[in-house]
Amino acid sequence: MSSLPKNKPLDRIDLKILAALQTNGRISNVNLANEVGLSASPCLDRVKRLENEGYIERYGAKLNASKLKFGMSAFIQITLDRTTSELFDSFAKSVLEINEVCECHMVAGGFDYLVKIRIADMEAYRQVLGMIVDIPGVAKNHTYVVIEEVKQDHGLPIKPE
């Protein structure tokens, strides 16, 4: 029998808290409480519960990729030479070691993985591509270089009632 605590269902206030923190993770508890219509102490209790129950995974900062010499993005489709659990695990472990890989998704469809990389320029792209295609089991790859980022991921579309 599992000893994991049951999560309390989210209410409108919880959703407001999550939406506000997703927009501004540095908001003070007092300002957050005012924004969601609570006093500070119950608001802090709710935030702690949301953290403990895993609704809030982490806090962070959005960095300027161009200023940090990672202004170029590309998506690489990866097809493996066979589809076995062992090869999936091996590929996943290998790709985790490549710092320029910022996302990697196993997908259903005409290929196996979609990998997003952030690099400085085409020379850096060539180096990272070399690391990826040298992973055992990689049979084919196809790259799409990002020309313009139309919409970035700004979190989940939480809409409190």
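Which residue in E3 is the bridge partner of Val101? In this predicted model, the partner is Ile117. That pair belongs to the contact between strands E2 and E3, which run antiparallel and are joined by five bridges.

E2 and E3 are part of an open sheet of four strands. Read across the sheet, the order is E2-E3-E1-E4, and the pairing is antiparallel. E2 and strand E4, residues 138-145, stand at the edges. Each of these two has a single partner strand, so one side of each is left without a neighbour in the sheet. On average, neighbouring strands are turned by 20° against each other, with direction ignored.

A helix also packs on this sheet: H5, made of residues 122-133. Helix H5 touches E1, E2, E3 and E4. The direction of H5 makes about 145° with that of E3.

The next feature to find is the largest pocket, with a volume of about 1800 Å³. The lining of this pocket has 43 residues, and the closest to the pocket's centre are Arg58, Ala61, Lys62, Asp153 and Gly155. H1 supplies the largest share of the lining, five residues. Sorted by kind, the lining residues comprise 18 nonpolar, 13 polar and twelve charged ones.

Definitions and conventions
Residues are numbered from 1 along each chain as its sequence is written. This is a predicted model: local features need pLDDT of at least 70, side-chain atom pairs count only at pLDDT 80 or more; totals for chains, interfaces and linings use all residues. Side-chain values use heavy atoms; hydrogens and water are left out. On a 1 Å grid over the protein atoms alone, a cavity is a set of points where a 1.4 Å probe fits but cannot get out, and a pocket is an open set with protein on both sides within 12 Å along at least five of seven lines; lining residues have an atom within 4 Å of a point. Grid points are joined across faces, edges and corners, and a volume is the space filled by probe spheres set on the points. Ala, Val, Leu, Ile, Met, Phe, Trp, Tyr, Cys and Pro count as nonpolar, Asp, Glu, Lys and Arg as charged, and the others, Gly among them, as polar. Two strands pair if DSSP finds at least two bridges between them. Axes are lines fitted to C-alpha atoms, for helices over the stretch in contact, and angles run from 0 to 180 degrees between N-to-C directions. Contact means heavy atoms within 4.5 Å.
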